[in-house]
Amino acid sequence: MKSKACWLLAACALWLLMPLAAALGQTNQKINLSIFYTGHPGSAREADFVQFLRAHFNQVATGDLATFDGAQSPTSDEVILDYDGDGFSAPRPNLPNSYSRPTITVGVVGGFIGNQLGLKTGYM
Amino acid sequence: MSDAAQGEPSQHEVFRTPFKVQPAFEKWPTPELYRRFPNGKDLPDQLTVWRVQNSGKDFGSVVSMGYGFDDSPDAEILTVGYASGKPPGSAGVSRHANFLQWGFSSPPSQMTDAGQAFFLNCIVYIHKFAGKQPLIHRQSNDRVFITCLISMIDSVQDSVFGQTLVGADLFNQYKGHCQDLADLYTRQIELIHSNGKGTYLIDKQLQDLGIASNRKIQTLDRLVGLLGQSQQPAALDALRLYTGLSLTTPRQWRDWLAANRSRLFFSDVGGYKFFVVPEGYLDQPKQ
């Protein structure tokens with residue numbers, strides 16, 4: 001009887017704490033998306049992003065922004081385009097007009113990519 | 001851009017799901033440059049901001065042009081960035097079609113808790129826009145921003161700037177009095193258009209037809225209504241200019257307008273033209 005009460009108490013506490021854990025991103029359940037992070041291979045920045053992404057998403061693969069042409073890792077759900085340094089000297093990928101993959105562009109290089117593609121998200 | 005987003009987060013889902021973004025708000029001084037723009041004149045002395053990252057620098061991140069961002073239904077500003085060297089309302093994090101620009105430059109380890117939650121939510125959010133290519137591409141600047149640029153002509157040494165912006169005639173006519181010219185453009189703001197080569201003019205032809213705005217759908221109704229009348233040549237010119245189409249008969253124009261009316265939008269940034277949203281483009285994606 002006592003162990004049943006303890007179990008109930010523990011379940012209640014867990015139920016109460018779950019929203020907090022979820023809000024802080026501390027749930028063990030990863031988001032069911034596969035991410036293709038395309039940046040500067042071997043850089044500390046790539047490692048930083050990949051560690052963070054792997055903690056939250058089911059699958060994370062990496063690529064090189066310098067050679068990205070929009071076709072790599074076609075089964076990934078989305079693409080992140082990033083680079084280290086100041087962004088001004090980062091490579092600019094050539095994407096085909098038909099490119100329509102959901103894509104996050106990051107920082108200065110992201111702004112330049114936006115300019116290149118004629119997007120409103122370009123660098124001002 | 002600095003390390004901070006400006007303003008309190010909206011009710012947009014990127015601040016709510018899957019993670020609740022809980023910023024720590026601060027008050028930062030309103031940048032002096034903001035006062036030089038129409039939407040910055042009445043701002044309070046201090047602005048509410050929240051740190052997205054802690055880079056320790058006042059630069060290194062990037063904003064996008066805020067003016068005109070919302071003139072096409074494929075684009076949205078998710079948060080304004082605090083950028084003391086840019087106009088107020090510049091986009092810190094924004095989306096155009098299938099692209100989401102995260103203007104902050106720091107890697108995740110330097111993001112705040114709120115910044116990390118926001119970044120993760122953005123990654124989840126953009127997935128909804130798979131296959132949604134841009135409806136327009138950047139061709140020109142929004143007309144409000146043009147009036148701001150005109151008011152700065154006298155302070156720019158290189159006369160090519162002013163001559164390109166308003167054409168040689170107006171530039172010479174208003175030399176030393178650029179604020180008067182900016183005021184003229186502001187009074188006629190509904191009739192500003194671009195020649196596609198960086199020059200912005202007031203559409204006198206539309207004005208002569210008694211039409212007060214080039215960006216309202218009623219303007220298309222008026223122009224189509226003028227076909228078959230004495231003003232047909234000017235009306236046809238305007239219809240072609242503002243749609244990019246080369247239809248010829250009144251019947252063709254009426255049919256086109258009837259078929260697309262509910263999906264029409266006008267974009268300054270896209271080239272001062274009407275565009276048609278493809279069927280289904282704005283439908284909510286499957287979850």
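Modeller: Let us begin with the elements: helices (H or I, at least four residues) and strands (E, at least two) are DSSP runs, numbered from the N terminus. By that rule, chain A has three helices and four strands. Read from the N terminus on, their order is α-β-α-β-β-β-α. This is a predicted model, in which local features need pLDDT of at least 70 and side-chain atom pairs count only at pLDDT 80 or more, while totals for chains, interfaces and linings use all residues. Residues are numbered from 1 along each chain as its sequence is written, and chains are lettered from A and ligands numbered from 1 in the order in which they are written.

Colleague: How do you know what pLDDT chain B averages?

Modeller: The term pLDDT is the predictor's confidence in each residue, from 0 to 100. Chain B averages 96 on that scale, and 99% of its residues score at least 70. For the complex, the predictor gives an ipTM of 0.95 and a pTM of 0.91.

Colleague: Why does Phe36(A) count as buried?

Modeller: A residue is buried if 20 or more other C-beta atoms, placed from the backbone, lie within 10 Å of its own, exposed if 12 or fewer, and partly exposed in between. Phe36(A), which lies in strand 1 (residues 31–39) of chain A, has 22 C-beta neighbours inside 10 Å and therefore counts as buried. Over chain A, buried residues make up 39% of the 124 residues.

Colleague: What is Phe36(A) in contact with, its neighbours within four places in sequence left aside?

Modeller: Two residues are in contact if their C-beta atoms, placed from the backbone, lie within 7 Å. With those neighbours left aside, Phe36(A) is in contact with Ala61(A), Gly63(A), Gln72(A), Ser73(A), Ser76(A) and Val79(A).

Colleague: Is Ser73(A) buried or partly exposed?

Modeller: Ser73(A) has 18 other C-beta atoms within 10 Å, so it is partly exposed. This residue sits in the loop between strand 2 (57–64) and strand 3 (78–81) of chain A. Most residues other than glycine have a negative phi, and most peptide bonds are trans. In chain B, Tyr272(B) also has a positive phi, of about 55 degrees. Tyr272(B) has 23 other C-beta atoms within 10 Å and is therefore buried.

Colleague: What makes the peptide bond from Thr17(B) to Pro18(B) cis?

Modeller: Its omega is near 0 degrees. Pro18(B) is placed in the loop between strand 1 and strand 2 of chain B.

Colleague: Why do the buried residues of helix 5 of chain B line one face of the helix?

Modeller: In helix 5 (residues 178–187) of chain B, the residues Cys178(B), Leu181(B), Ala182(B) and Tyr185(B) are buried. Seen down the axis of that helix, they fall within an arc of 100 degrees, so they line one face; the arc is that of the directions from the helix axis to the C-beta atoms. These buried residues pack against several elements of chain B, including helix 2 (143–150) and strand 7 (192–194).

Colleague: Which residues are buried in helix 7 of chain B?

Modeller: In helix 7 (residues 217–226), they are Thr219(B), Leu220(B), Leu223(B), Val224(B) and Leu226(B). Their arc is 155 degrees, so they too line one face of the helix. What covers them includes helix 8 (232–243), helix 9 (250–260) and strand 10 (273–276) of chain B. Gly228(B), with a positive phi near 90 degrees, follows helix 7 of chain B.

Colleague: How many residues of each chain take part in the contact?

Modeller: The contact takes 42 residues from chain B and 31 residues from chain A. Helix 1 of chain B gives the most to its side, with seven residues. The side of chain B that touches chain A divides into 23 nonpolar, 15 polar and four charged residues. Here Ala, Val, Leu, Ile, Met, Phe, Trp, Tyr, Cys and Pro count as nonpolar, Asp, Glu, Lys and Arg as charged, and the others, Gly among them, as polar.
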